[in-house]
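Hi,

Here is the structure I promised to pass on. Have a look at it first, and then read on for what turned up.

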Amino acid sequence: MGYTAIVDYGVGNLKSVANAMAYIGLETRITGDAGGLERADAVILPGVGAFPDAADKLRQTGLDKVLLSQAGRKPVLGICLGMQLLFDWGEEGKRCEGLGLVSGSVKRIETQLKLPHIGWNSLSFQNDSLLFRGLDDGTYVYFVHSYCGCAQREEDVMARTQYGPSVVAAVARNGVYGCQFHPEKSGEAGLHILKNFGELIQ
């Protein structure tokens, strides 16, 4: 088995993702180099911060085109803001184009509860996904976000959580996966999800 590339585009929780992957015995390389992503067996797109800033950095570095070329060839996992960037566009501050790998948009959570949503919430699985194989409905994971993905196709939604309204917690489309929560901060359940992702590598 080769390695999983963790995309370094100046926005993200890179070391904690790498440490979690190393803990379960999966080799990673943090890289912002196109060749590093192309040679990888899988790709993780992390992200912390605002959608427009992250999308701009992907475009400025040319990594948006590399990600689009690699999606479908190998497993890709977006985490938190990285998941949001998989959608067609985001509405945080201003309308901004995403990668368009999952149909839909990213909008502020319409809730009376405090934002950002920070803490542990349970998952409700609604479509089968290899990413969640071996986990029970109601598994708790860790979230930090104020915006959420609004998928155009309900079949792309693998899991939801409740934060006032029902919120998309995970998506999947053609070998591209997204988790709104942080698996690297979600204890044993999160490690199990990352291990399942590693097992998708051919």
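This is a predicted model: local features need pLDDT of at least 70, side-chain atom pairs count only at pLDDT 80 or more; totals for chains, interfaces and linings use all residues.

The largest pocket has a volume of about 240 Å³. It is lined by 15 residues, and the closest to its centre are G49, C80, V144, H145 and S146. With the classes above, the lining divides into six nonpolar, seven polar and two charged residues. Which elements supply at least two residues each to that lining? They are α5 (81-84) and β10 (140-145).

Is C80 buried or exposed? With a relative accessibility of 7%, against a cut-off of under 20% for buried, C80 counts as buried.

Setting aside residues up to four places away in sequence, H182 touches I79, C80, Y142 and V144. Two of those names, C80 and V144, have already come up among the residues closest to the pocket centre.

**Aromatic rings**

There are four aromatic pairs in the count. One of them is W120 with Y142, an edge-to-face pair at 5.8 Å centre to centre and 65 degrees between the planes. This pair links distant parts of the chain, with W120 in strand β8 (residues 117-122) and Y142 in strand β10, 22 residues apart. W120 is partly exposed, at a relative accessible area of 44%.

Another pair is F132 with F181, which is tilted, at 6.4 Å between centres and 40 degrees between planes. F132 is in the loop between β9 (124-125) and β10, while F181 is in the loop between β14 (176-179) and α6 (187-198), so this pair ties together parts that are 49 residues apart in sequence. How accessible are these two rings? F132 is buried at 5%, and F181 is buried at 0%. Both also belong to one aromatic cluster, together with F125 and F143.

**Charges over rings**

R29 lies over the face of Y3, at 4.0 Å from the ring centre. The charged end of R95 sits over the ring of W89, 3.9 Å from its centre.

**Two strand residues**

T4 lies in strand β1 (residues 4-7) and is buried, with a relative accessible area of 2%. Which residues does T4 contact, leaving aside its neighbours within four places in sequence? They are M21, E27, T28, R29, A42, V43, I44, F197 and I201.

A151 is in strand β11 (residues 147-151). At 19% relative accessibility, A151 counts as buried, because the cut-off is under 20%. Not counting residues up to four places away in sequence, A151 touches F87, S103, G104 and V157.

Most residues other than glycine have a negative phi, and most peptide bonds are trans. The peptide bond from L115 to P116 is cis, with omega near 0 degrees, and P116 is found in the loop between β7 (102-108) and β8.

N174 has a positive phi of about 55 degrees although it isn't a glycine. The place of N174 is the loop between β13 (166-173) and β14.

Cheers

Methods
Residues are numbered from 1 along each chain as its sequence is written. Side-chain values use heavy atoms; hydrogens and water are left out. On a 1 Å grid over the protein atoms alone, a cavity is a set of points where a 1.4 Å probe fits but cannot get out, and a pocket is an open set with protein on both sides within 12 Å along at least five of seven lines; lining residues have an atom within 4 Å of a point. Grid points are joined across faces, edges and corners, and a volume is the space filled by probe spheres set on the points. Helices (H or I, at least four residues) and strands (E, at least two) are DSSP runs, numbered from the N terminus. Ala, Val, Leu, Ile, Met, Phe, Trp, Tyr, Cys and Pro count as nonpolar, Asp, Glu, Lys and Arg as charged, and the others, Gly among them, as polar. Rings of Phe, Tyr and Trp (its six-membered ring) pair if their centres lie within 6.5 Å; planes under 30 degrees apart count as stacked, over 60 as edge-to-face and the rest as tilted. Buried means under 20% relative accessible area, exposed over 50%, partly exposed in between (1.4 Å probe, protein chains only). A charge sits over a ring if NZ of Lys or CZ of Arg is within 6 Å of the ring centre and within 35 degrees of the ring normal. Contact means heavy atoms within 4.5 Å.
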